[in-house]
Amino acid sequence: MYGLGLFKGLGITMKNLVSPSRQFNIVQYPNRRASPFDLAKVDNQNPISFIATHPIKTLRSLLGLETLVDRMPQHANFRGEEFAWYDRRCTGCASCAKYCPLGIIKIVTGTSGVNQQEGQSYDIDVFDIDIGRCMFCGLCVEACPYDALHMGSGFEEGKYRRSDLVINVDQLKAAEKKPSTWFRPQLTDRGHDPIKGSTADWDQVGRHEKPSLEDQGERWAKR
Amino acid sequence: MTPTPAFFISFYTLRDLFDNLIQSLGFGASFGWMAGLLAGISISFLIINVMVMSTAFYTWFERRMIGRFQVRRGPNRNGPFGILQPFADVLKLIMKEDTIPDAADKPVFTLAPIALLAPTLMIMIVIPFGTYASDQAFLSNLNIGILFIVGVTSVNSIAIFMAGWGSRNKYAILGSMRGAAMLISYEIPMALGITSVLLLSGSLAMTQIVQSQSIWFILVMPMGFFVFMAASTAEMSRTPFDQIEAESELGSGYNTEYSGIKFAVLFLAEFMAPIVTAAVVTTLFLGGSQGFDFLPGGIWFAIKMFVLIFLLLWVRSTWPRLRIDQIMGFAWKILFGLGLFNIFLVAVEFMVAVELGHTKDDGSLTTEYMLIMAAVNWMVTIIAFVILANFVGKKKYHRPEPTASPLANMGIGGD
């Protein structure tokens, strides 16, 4: 019998309408209507005492007037926009700039003037990432030999001008260090979750933990 | 049957009211025209405002319901459950700049929204909302009511063509060309569906059609109901047939260039159409304001309208848009044939009834014969649909074999 597919489709949409379980997966963004239970959870009260103490708020939320700001649930491996860059780990090798398929990373280094004879790392004078043209492939993160550059976890970086989308070295230094765990299994192992808001220090994000002094003494040549 | 309400707002009650008022103020009998004028103005004011407000709430209802059908939330921010959303929309549209393109045909461009809205509103004057015993419509009990509806709705295609042609925009003209072709085609099955109703009712007056439905005509001729519903869904250009607008292809079709209050009026007309269509279908096929005695007839009418609107919403939220050739094929190959077959069937049954003497004094059929007709017609309809579905479904659509692009082998064997 042909033509039954039409009615099957009608059945699916009717099931959407009548079964409440189908409506639970809806995620609202950037904020959502809050039920009294949600408000009680925010206030760290149990629902009954919340309803007793805040009758007006309860009534407003039942009328759909109370909203809660909610972050979208997303994976910790999400390749976001705010790059997490650790300048103490960065040597200025510019591997990220060389690997970038779009050529949007610009690095200018200068000598730092300290311990030049010992091969101390360069100072980064310019580190521009044009995220207006970035495709968030993450190849720069893969390329970094010292685990200094990480993808971020944010995505709400809308700006009014294209020129505002170029991140310079000061912004990178000042940015909150919430690295995404993408291509960084050591962060995943440690249970680091940028979405929940945990930051990571420069000595936690590398491929090795910070070696103890004995390890350092064994591994590195005595000078 | 159903008790007549003590007061029903109609043209005649209002005219009598104003007539008494004018007489009591000391004007003579020569001022009778004034009563008619005042009554007409006030009833028009009433109808327009009621329709606009109900359309506003209908847009909210439609968006909420389609949201739930498609596992979304509808508008839920302005006011409780988003009920103030239509007012926010209208406020935004009124405050927007009302642009007219330089190359546009300005009078045509300006008149098109009015030409689209007016017929939709005019249909409401012949719909008998009152109890069917008392022959009451809002403005007038026209004896050619259904013919009036068919004539007035035909203006829609002109209005849509005006909108597309006047705005001098390629998407608009494409949408309105499709619209003209589609609306004119679908008027034929719509008229065929109406004709089968008229065969049984024996009158063009809407009140008479309601009175003749001792069995609802949806039971007596389901095929006619299907044909009329499909055609009227196409007439108001909603989703299975919304090639006129086709947001994903034409950038909103005939209303591409409209903004501000003109767009609001177009939008209003478009969303008023389902309400009006539901009212017409209720009158023609669902027995109008017939019902049980514990509720007044107007409430029964509203309930039936609501069920039909829900049906239209359900279909709209589920089925995808058809291509323009599929739409035209559906009109001419399927609906046209079904409509003619339905008329033939009903006419033969009517003749048999006359031969066997199953008619009442006023020429309409007896209830028992209508029940027999209903049984026969349901069987015939189901068989016809199964045959049709198999006939249409068996047709194989051959996809052309993909051929390699000559550019794919560039440099190999090329010159």
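**Notebook: chains A and B**

I began at F183(A), which counts as partly exposed because 17 C-beta neighbours lie inside 10 Å. My burial scale places C-beta atoms from the backbone: 20 or more others within 10 Å of a residue's own make it buried, 12 or fewer make it exposed, and anything in between is partly exposed. F183(A) sits in the loop that links helix 7 (169-174) and helix 8 (185-189) of chain A. I took helices (H or I, at least four residues) and strands (E, at least two) as DSSP runs, numbered from the N terminus. F183(A) is not a glycine, yet its phi is positive, about 60 degrees.

**Ground rules**

I am working from a predicted model, where local features need pLDDT of at least 70, side-chain atom pairs count only at pLDDT 80 or more, and totals for chains, interfaces and linings use all residues. I number residues from 1 along each chain as its sequence is written, and chains are lettered from A and ligands numbered from 1 in the order in which they are written.

I noted the background rule: most residues other than glycine have a negative phi, and most peptide bonds are trans. N44(A) is not a glycine either, and its phi is positive at about 55 degrees. I found N44(A) in the loop between helix 2 (36-42) and helix 3 (47-53) of chain A. Is N44(A) buried or exposed? N44(A) is exposed, because its count of other C-beta atoms within 10 Å is 7.

I then checked the peptide bond from Y29(A) to P30(A). That bond is cis, with omega near 0 degrees. P30(A) belongs to the loop between helix 1 and strand 1 (31-33) of chain A.

**Chain A overall**

I counted 9 helices and 7 strands in chain A.

I compared the radius of gyration with the globule rule. Chain A has 25 Å, whereas a compact globule of 223 residues would have one near 17 Å. The radius is taken over C-alpha atoms, and the rule is 2.2 Å times the number of residues to the power 0.38. The C-alpha trace of chain A spans about 75 × 55 × 40 Å along its principal axes. Buried residues are 19% of the 223 in chain A.

**Sheet in chain A**

I traced an open sheet of 3 strands in chain A, order 4-5-7, with antiparallel pairing. Strands pair if DSSP finds at least two bridges between them. Strand 4 (105-110) and strand 7 (166-167) are at the edges with a single partner strand each, so one side of each has no neighbour in the sheet. Strand 5 (residues 123-130) is joined to strand 7 by 2 bridges, running antiparallel. In that pair, D130(A) stands opposite V166(A).

**Chain B and the cores**

I found 15 helices and 0 strands in chain B. Its C-alpha trace spans about 100 × 60 × 40 Å along the principal axes. Of its 415 residues, 43% count as buried.

Which residues touch the most other members of the largest nonpolar core? They are V227(B), F228(B), V281(B) and L284(B), in a core of 89 residues. Helix 12 (residues 260-285) of chain B gives the most to this core, 15 residues. I define a core as buried Ala, Val, Leu, Ile, Met, Phe, Trp, Tyr and Cys residues joined through C-beta atoms within 7 Å.

Beyond its neighbours within four places in sequence, F228(B) contacts M190(B), G193(B), I194(B), V281(B) and L284(B). A contact means C-beta atoms, placed from the backbone, within 7 Å. I also logged a second, separate core of 23 residues, which includes C96(A), C100(A), A148(A) and L187(A).

**Where A meets B**

The contact uses 17 residues of chain A and 18 of chain B. On the chain B side, helix 2 (32-69), helix 13 (297-318) and helix 15 (367-393) each supply at least two residues. Helix 15 gives the most, with 5 residues. I sorted this side of chain B into 9 nonpolar, 6 polar and 3 charged residues. In this sorting Ala, Val, Leu, Ile, Met, Phe, Trp, Tyr, Cys and Pro are nonpolar, Asp, Glu, Lys and Arg are charged, and the others, Gly among them, are polar.

Leaving out neighbours within four places in sequence, G3(A) contacts A389(B) and G393(B). G3(A) is partly exposed because 13 other C-beta atoms lie within 10 Å.

Key: Contact = placed C-beta atoms within 7 Å.
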